[in-house]
Each structure stands twice: as C-alpha cells, then as structure tokens.
Amino acid sequence: METLRKNQALFLLLLSLSSFYGIALSFSPADDYLIDCGSTVDTTVDNRLFISDSSRASSHLLTFSTRSKSIQLSHRNGKLPEIYNSARVFDRPSRYIFKIRDKGTHMVRLHFYQLNSSQFVSDDAQFHVLVNGYVVLSNFSVGNIISSASVKEYLIWINAEKLVITFLPTMKSKFAFVNAIEVISAPKDLILDIAKFVNGDKIDNFDALSKQALEVMYRVNVGGPKVTPFNDTLWRTWLPDDEFLKSSEGSKRVYSTGRIWYQSGGASREIGPDNVYNTARVIAAMNASIPNLNMTWEFPVIEGYKYLVRLHFCDIASISLGLLFFNVYVNGNLAYKDLDLSIVAGYSLASPFYADFVVDSYHSGVLNVTVGPSDKSLGYAVVGILNAVEIMKMNKSMGILDGELCAGLILKTWPRGNVGILVPLIAAVCVMLSLSVFKHRTFWFKNSVAWSKLPVDVSEITSKLGNQHT
C-alpha cells in the first residue's frame, strides 16, 4: 500500500511538471477579458489578472444602472479564489459590453457564489442572463450553492464587433448579481463545423456545429485526478469520473508519464492537455478470451435539448500498434464500430484522437456513454479505452439554452425605458436564430466519423490529432 501511494505521488508530480511545458506553449487569445465584478482592486488567480470593473481600465466595458452596487462579501471563504469575495449587484437590466477583435467562437464564463452581506442575500436573487441574443440563464438563482462556487461556461459563435452580456432581474426578484466574468476567444479548431448525429441505428452528418451556442455541462477526466484551470491550456476544469462511472467491473485505471504525441492535422493541447490524455480507464483481455464487459458512464441531462458529446482517446496502454479495437456507444446506440486507434491516430501510440457526436436527450433524463470490446478485439490486449468526456448542451430554436422564452420576450417583461433599443434588436436576433436552426444534411456514413482527413489511406474515416509541439 505504501508503495502504491508513493507511485501515485510520483505520477502526480510528473504530471504537474509536464503541465508547465504545455502551459509555456499555450494558446494566446486575441480577446481575453477577465473581470472581477464589484471589486475595488485587481485580483490574480492562477497567474491570471482579473481587472476590477470599477477601475478606469475597464470602465469602457460596462453599461450598468447607476443604481448598481459593488459589494464586498463577509464570508471570505479562504478555500475559494478572491474573485468570490466581491460581487456586482443590479436591480434593473444592465450590460457588460466587450469589444471583439477576433470573430468566431468565444468562451464565456460567469462566476457565482452565495452572497452574504448586510444588504443582500442570495435567496432574494433571481434573474436572466443574455449573451448576444442567446438566453444562457433563465430564472437563475444560487440558493443551492453552499460550499462551492458555480461557474457557468458557454461556447458561443460571435460574428459581431461586440459581445454583450445582459443581466435582468425577474419581476418578482429584488436583484441580479455576478462575481466575475471571462470572455476569451477560442482556438479556431476548438469547435469545428461537422459532427455525427447519432439517431438510433442511423448516423447522419450534423453541419454548422460551430455556429451553435453550447453550454458546458460536464468535463470529465476519465481515470485521472481533477485538472484545475492552472494546469489546463484553456483554463478549464476537468473533474474525476468516479461520480459518473456506473459500470466498471473488470476495468482499471492506467497512467502514463511518457510524452503525449500531438500530431499535425487536428487535436492540439488546447483540445485536451497532457494531463488529460496521460490517464485513462481500460478493459484488458488477460488471456485469449475476450471479456464480455463494458464501461459505462451516466450523466443527468435536461430533456428537450440536443447534446454535443466529445470523447477523447489516447492509447497509453498498448504495448504496440495494431492491437486495440473496440466499440463506442452513446445512449445505447452504436456510434463508432471497431474503432482502431492505430489508424485514426496516425500509426502512433500515445497520440490523441477525439470524436464529436450529437444526440437527442431522452425522457429518462440521462445521457450515457459506453465503451467495450468489438468483434475485432484481440486476446492478451486492451479491448477498450477512454481518456475523457465532454458533454455540452446545444441551443434550441430562438437561441434558448435555458428556460422557454427567447431573449425578446424576456426583455419585454421590463418597461421599455429600462432596456432601450435592446428589445427590437434582440427580438430580431430571435427571428434570425429561429430561421437558421439546425440545418444539417443527411448523408449516410457507415461506421465513420467525419473530421479532417488524415494523410494516410483511411477510407471514410477522419479524425483530429493535434498540432505538433516540440
């Protein structure tokens, strides 16, 4: 047991050291706004500087009510970053406006924590949040957040010169608030245009994926520890998979301290950092017989939405190429048959690959992912592997990511004088979104996943691997 603890400690140390290499080569976004809302001073979190929204440097970003208030919170939770020690509170519709230099997908993160001051308490807060016409939060409250902060993360295509975040208290509520905001331009390959729509036993193309608004619901490091923003190339958080793993008999965790080989043509460290691809769960055949076992993860989801399911794979367990074949299922449907990581990873071990699938949510309110042996699996070899899972909710028609009302109808709940030109503008956006929702062609590709073509002879199979870092 003591030896096991020492080995785990050594692995975590090496994993942490390897992350510094990735961070040194990390993506530098053209748009990088970090705002500490309500604070009177700037705050550094994980070597990132959050600018006070009261400072002169950020004053041009904000268009909020003169009755908004900056509050310093009395809880002073030492376990949380200092950005949660203050908040900006609004009693009427208010906006943060960010100038966009680089059009395309942007990461938007909204930080919330329970208020505890002499003037405001969280139970009195209920509000909507809009981002460029998308309803990202509807009737939102943080009453259930007790010991930890809540970070709402979105990936939104911005084809305008400004990104506008609007906070609107509900009519029966006293106020809206926010602790911190991040607006960051994403790498161009983070969300591409095409995925596979898994619909029962049929697989179709899903086009214009990058133009959808996405809410990150789950980001899970399979078989590994929590990955914090400090150790991630895009300042993301990856949670351990233990809470979601429902069927694991016969599986085991694997770790690698070796180099992850990002190859030219697809997935880079911004898609997934080393310390995600360096861990996995696997099923292995211990003899000539193929085990009749699967690994299954279950994720609670909200009905009525489509979901983007991104699965990450990296063969850190096989002793040589050409030994690993397995099947992938999403919601019980075969999404990828006889996945051969040697082929899709450019004939290189420890080379990452990921696949994007779009699925509908069912009445069960659960989305599941399963990995298990295929008819091509071999004895005395690994017969299933998964390194990470990301699940993102996709916007419904009229730009809705939460609730049932579009932005135009939400704005109309306030008198015209409080929202100005936003009502006709965002109502028009709602109409445009409704006309363009979910246009995707229905080409059939048997047992394939459509991504950028590899420079190898792989018929109808494409993948994303990564930018070479040396």
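In what order do the five strands of the open sheet with antiparallel pairing run? The order is β19-β22-β27-β24-β25, where strands are DSSP runs of E of at least two residues, helices are runs of H or I of at least four, and both are numbered from the N terminus. The model is a predicted one, so to speak of a local feature takes a pLDDT of at least 70 and to count a side-chain atom pair takes 80 or more, while totals for chains, interfaces and linings use all residues. Residues are numbered from 1 along each chain as its sequence is written, and side-chain values use heavy atoms, with hydrogens and water left out.

Buried means under 20% relative accessible area, exposed means over 50%, and partly exposed is in between (1.4 Å probe, protein chains only). The hairpin of β24 and β25 has two residues between the strands, and Asn331 takes a positive phi near 55° there. Asn331 is itself buried, at 11% relative accessible area. Ala350 also has a phi near 55°, a positive value in a residue other than glycine. Ala350 sits in the loop between α3 (341-344) and β26 (353-360) and is buried, with a relative accessible area of 12%. Elsewhere, Lys202 of strand β16 (residues 202-206) counts as partly exposed because its relative accessibility is 39%. The C-alpha atoms of Lys202 and Ala335 are 8.9 Å apart, although 133 residues separate the two along the chain.

There is also an open sheet of three strands, ordered β20-β21-β28 with antiparallel pairing. Strands β20 and β28 (382-386) are the edges, each pairing on one side only, and the twist averages 35° from one strand to the next. Four bridges join β21 (residues 279-284) to β28, and Ala284 stands opposite Val382 in β28.

Now for the rings. The structure holds 21 aromatic pairs, counted when the ring centres of Phe, Tyr or Trp (its six-membered ring) lie within 6.5 Å; planes under 30 degrees apart are stacked, over 60 edge-to-face, and the rest tilted. One of them is the tilted pair of Tyr33 and Phe98, at 5.1 Å centre to centre and 55° between the planes. This pair links distant parts of the chain, with Tyr33 in β1 (residues 32-36) and Phe98 in β7 (residues 94-99), 65 residues apart. Both Tyr33 and Phe98 are buried. Tyr262 and Tyr277 make an edge-to-face pair, 6.2 Å between centres and 70° between planes. Tyr262 is in the loop between β20 (251-255) and α2 (274-277) and Tyr277 is in helix α2, so their pair ties together parts 15 residues apart in sequence. Tyr262 and Tyr277 are buried too. One aromatic cluster includes Tyr33, Phe98, Phe112 and Phe140 among its members.

Tyr305 has lysines over its ring: Lys393 at 4.6 Å from the ring centre, and Lys396, whose charged end sits 4.6 Å from that centre. The cut-off is NZ of Lys or CZ of Arg within 6 Å of the ring centre and within 35 degrees of the ring normal.

Finally, the largest pocket contains about 1200 Å³ of space. A pocket is an open set of points on a 1 Å grid over the protein atoms alone, where a 1.4 Å probe fits, with protein on both sides within 12 Å along at least five of seven lines; lining residues have an atom within 4 Å of a point. Its lining has 41 residues, with Ala149, Ser150, Val151, Lys152 and Thr237 nearest the centre. Strand β17 gives the most to this lining, six residues.

Key
Pairing = 2+ DSSP bridges. Points joined across faces, edges and corners; volume = space filled by probe spheres on them. Axes fitted to C-alpha atoms, helices over the stretch in contact; angles between N-to-C directions.
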